Structure formats: structure tokens, C-alpha cells
Amino acid sequence: MDTGNLEATGNIRVVTDKGDTILSTRAIAEKADGNEDSFTFKMLDNVRLRTTNGIEVFSDQATIEEATKSIVFSGDVSAYQGTALHRSDSVTYNYDTRKLSTNQLRTSFAPVLLEAGNFRAIESPEGNYYQGTNAGVTTHDSATPNFWLRGEEVTVLPDDRIRFRNMRLYAGGRPILWLPGLTQKFDGEFNYRPTPGFRSNWGPYLLNQYSHDFGGLRDVRTGLLSDPTHQLTWHGDLYGQRGVGLGTGCGILCSKGESEFGNYLRILHP
């Protein structure tokens, strides 16, 4: 029985009216139900999309839907958008608006991965960024990461910094640390720095340093400080032989990104 389907193999190439190119090694044109003049075009095996605005998608197969002007990729999907890598088993690209749907994708760019479904990509002339609510971030590239940093609100600027509000650190599904906020540059020191060790006059110890930047200009897009001028640091230290040390310090941020701190008060409770 003739189904009206057409199949082709070889180096298949489809170009949209805006210059985006889809490549594969096999393709099937299937007649749509109830409409003899309409076909659904499926591309199979080694599917690759290359757009003129820098998006690349790799998948096992793709379905071109002319009615919605979209391409649905399925199977093992990897999508590259600028410095970000998205992974999922399904993703949709609209070749009319030239938008990539990233709602159900796990997004990564060195050195972090974003939790799928909880982030939205925001485009702006100054640069794209990601914003999430009750969202998680990890550096463990696994289907089941060992740990997550979660925040009530998370803002990520690729290749720049990440900010958490009400940050919780989860390890093995259990919360082990809470901070009211954390802003971290990808190429800078951590705002929270725990330092364990041992000394003969202190015994075992754990030094905790938590810093917060302030002053300078605030980015109207994201609410992040673009050039903070000062840094306030809290110290909460635990000493096996000397008790608890508490203190604060304040410094001026230099043009090289370093901090010049004065002395801070440390109160010891034996």
C-alpha cells in the first residue's frame, strides 16, 4: 500500500528562508493526516543545525513543522548558544523568530551547570543572562550531581559572575550550609572561604570568611554591582583549644580586584 511517504539518504541539507542550515544523513517526508498537500519532514541520524546567529544543535533526529515554523529535536540533544551548552532529550527551535526554547534544558558553561526547568534566558543589547527562582547550580557534570547550590533567586552572567539570594548548599540531598547571599565572580576568589587546619597552639581549627561587596554602580538589568568599591568581611573561626573567634573587617577594592584590609577585632571565647 502506498503511504505517500518519501525517503532519502546521503548528505541531506535543508536551508530555511533565513539562512539556517539543517544537515543529516537520512530524511523522510510523511504526508500529514487529513491533508494530502501537507507533509511533515523528519531528519534522522547525525542531525545538525547551524544558524547564522551562532546557535548549533546536535541530535538523533529532528522534525520540521512548517505550520508552526519550528524544528523539534529529539534523542540525545546538545545545543550550543554562545558560551552556553544546553542538554536535554527534546528541544524546539523556531526558525521564524530564531529562538531556542531552553525551559527544559540543563544549561552549562564553564564552570557551572544550571538546573533544568528553573532558569529562563533573558536577552538584552548588553548581553544575555539567566535568571532563576528557587533554582540550583552545580559544577558536578552528572545526571545526578552530588551537590547543588540553590537560591531563592539566582542570576547568572556567563563568563562574569553569579549571584544567589538566600543560598543553601545541598550535599547528597541534605542542606549543610546557609548564607543570606553570595556573589561570585567566575575568575575571582570565593566570597565564602572556609579554611581547615591544625596548629600546636590552636589545635584543630576551621576559619570561616564571608565577604560582601558594596558601593559602585548597579547594573539596571540584573541588579548586580558592576564595579563595587568596598568589601565587608565577617569572620567566624572555630579553634579546638581556644574556642570561637568572631570579627569583621572592611576594605577598599583596588583596580586589580584585590582588597586592602585593616585589622579586624577577634573575640575569643575559651
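Predicted model: local features only at pLDDT ≥ 70, side-chain atom pairs only at ≥ 80, totals over all residues.
Colleague: In which sense do strand β12 and strand β13 pair, and over how many bridges?

Modeller: Strand β12 covers residues 147-157 and strand β13 covers residues 161-171, and the two form a hairpin with three residues between them. In the turn of this hairpin, Asp159 has a positive phi of about 65 degrees, while Glu153 stands opposite Arg165 in β13. The pairing of β12 with β13 is antiparallel, over 10 bridges.

Colleague: Which residue in the turn between β13 and β14 has a positive phi?

Modeller: Strand β14, residues 174-185, pairs with β13 in the antiparallel sense over 10 bridges, and Tyr170 stands opposite Pro175 in β14. The two strands form a hairpin with two residues between them, and the turn residue with a positive phi, of about 60 degrees, is Gly172.

Colleague: Does Leu238 count as buried, partly exposed or exposed, and why?

Modeller: Leu238 lies in strand β17, which spans residues 230-239, and together with Val244 and Leu246 it forms a nonpolar patch on the surface, with about 220 Å² of accessible area for the three together. A residue is buried under 20% relative accessible area and exposed over 50%. Because its relative accessibility is 44%, Leu238 counts as partly exposed.

Key
Residues numbered from 1 in each chain as written. Heavy atoms only, no water. Patch = residues over 30% accessible without salt bridge, like charges linked within 9 Å, V, L, I, M, F, W, Y side chains within 5 Å. Areas by Shrake-Rupley, 256 points an atom, 1.4 Å probe, with all protein chains shown as cover. Salt bridge = Lys/Arg side-chain N within 4 Å of Asp/Glu carboxyl O. Helix = DSSP H or I, 4+ residues; strand = E, 2+ residues; numbered from the N terminus. Buried < 20%, exposed > 50% of the residue type's maximum accessible area, 1.4 Å probe, protein only. Pairing = 2+ DSSP bridges.
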